[in-house]
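Thanks for coming. Please have a look at it first.

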Amino acid sequence: MASIIFDLDGTLVDSAPDIHAAVNLMLAEEGAAPMDLAQVCGFIGNGVPVLVQRVMQAHSWPAEDHPRLLSRFMTHYDAAPAELTRLYPGVAAALDRLAAAGHRFALCTNKPAATSQSILRHLSIAGHFPVIIGGDSLPQRKPDPAPLKAAFNALGGLAGWYIGDSEVDAETAQAAGAPLVLFTLGYRKTPVEEIPHAARFDSFDQLPALLERLVAE
Ligand SMILES: O=C(O)COP(=O)(O)O
Ligand SMILES: [Mg+2]
């Protein structure tokens with residue numbers, strides 16, 4: 001039995017289309033030009049306040065508007081957090097198989113916890129996640145190791161793995177002293193070889209067998 005902690009955006013779910021839609025609704029009501037999906041996708045990973053900051057920088061927006069724009073973004077995003085968002089193929093079956101093998105799960109994401117829970121519920125996997133550490137659960141956010149450590153502690157301190165897709169996740173795992181299992185088809189910005197990881201996979205169909213091998217090592 002092991003603790004398996006999952007990242008959310010770019011790992012369990014392809015959420016960029018809904019994040020992109022909410023960014024463009026916020027920009028439209030401000031009379032600003034829309035952004036394309038790839039650009040917004042590149043802004044995901046350090047939490048919503050940083051995402052909004054990056055959108056503002058791209059539009060040379062005055063920094064004092066940040067609190068207002070952050071609140072407008074969250075209003076739009078929370079109104080439809082799982083309209084276009086989908087589980088990556090094989091996620092539901094992989095979670096079922098790993099749960100049946102006795103492993104325990106938690107979520108450790110930089111997305112706000114309530115929004116994350118709503119997405120898990122919409123996609124029918126909330127039952128697998130008794131523990132959700134979001135970007136607003138602690139004073140620190142990833143890449144600080146505190147959220148990942150809190151997730152492991154909440155599962156009783158069992159040894160385990162962090163499953164994530166990004167440079168931020170790799171830095172977090174390293175700082176927490178936990179091995180990262182890298183999902184290579186998420187939102188990373190650098191080549192796989194440049195992201196420190198203990199193991200990697202490109203399809204959730206491979207994950208149960210991969211983790212069983214790691215547990216047995
Ligand atoms: O940047 C975010 O808001 C969330 O991203 P994460 O789920 O990959 O941590
Ligand atoms: Mg991610």
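Predicted model: local features only at pLDDT ≥ 70, side-chain atom pairs only at ≥ 80, totals over all residues.

Sorted by class, the contact of H3 with H4 has eight nonpolar residues, two polar ones and no charged ones.

Now the geometry. Helix H3 covers residues 48–58, and its axis comes within 10 Å of the axis of H4, crossing at roughly 115°. H3 and H4 are therefore roughly perpendicular to each other. The crossing of H3 with H4 is right-handed.

H4 has another partner to look at. Helix H1, residues 16–29, packs against helix H4, residues 66–79, at an angle of about 130°, and their axes are 8 Å apart. That angle makes H1 oblique to H4. Which hand does the crossing of H1 and H4 have? The crossing of H1 and H4 is right-handed.

From H1, the residues in this contact are Asp 18, Ile 19, Ala 22, Val 23, Leu 25, Met 26 and Glu 29. H4 contributes Leu 69, Arg 72, Phe 73, His 76 and Tyr 77. By class, the contact of H1 with H4 has eight nonpolar, one polar and three charged residues.

Stepping back to the whole chain, the domain assignment gives two pieces: domain 1, made of 3–14 + 85–216, and domain 2, which is 16–79. The centres of domain 1 and domain 2, taken over C-alpha atoms, are 24 Å apart. In the contact between them, domain 1 supplies 14 residues and domain 2 supplies twelve. The side of domain 1 that touches domain 2 has three nonpolar, six polar and five charged residues.

Last, the ligand. How many residues surround ligand 1? There are 15, and the closest are Leu 8, Asp 9, Thr 109, Asn 110 and Lys 111. By class, the shell around ligand 1 has four nonpolar, eight polar and three charged residues. And where does ligand 1 sit relative to the domains? Domain 1 and domain 2 both give residues to the shell, so ligand 1 lies between them.

That is where I will stop.

Key. Residues numbered from 1 in each chain as written. Chains lettered and ligands numbered in written order. Domains from an automatic or database assignment. Contact = placed C-beta atoms within 7 Å. Nonpolar A, V, L, I, M, F, W, Y, C, P; charged D, E, K, R; others polar. Near = placed C-beta within 6 Å. Axes fitted to C-alpha atoms, helices over the stretch in contact; angles between N-to-C directions. Helix = DSSP H or I, 4+ residues; strand = E, 2+ residues; numbered from the N terminus. Parallel < 35°, antiparallel > 145°, perpendicular 65-115°, else oblique. Left-handed = near helix turned anticlockwise from the far one by under 90°.
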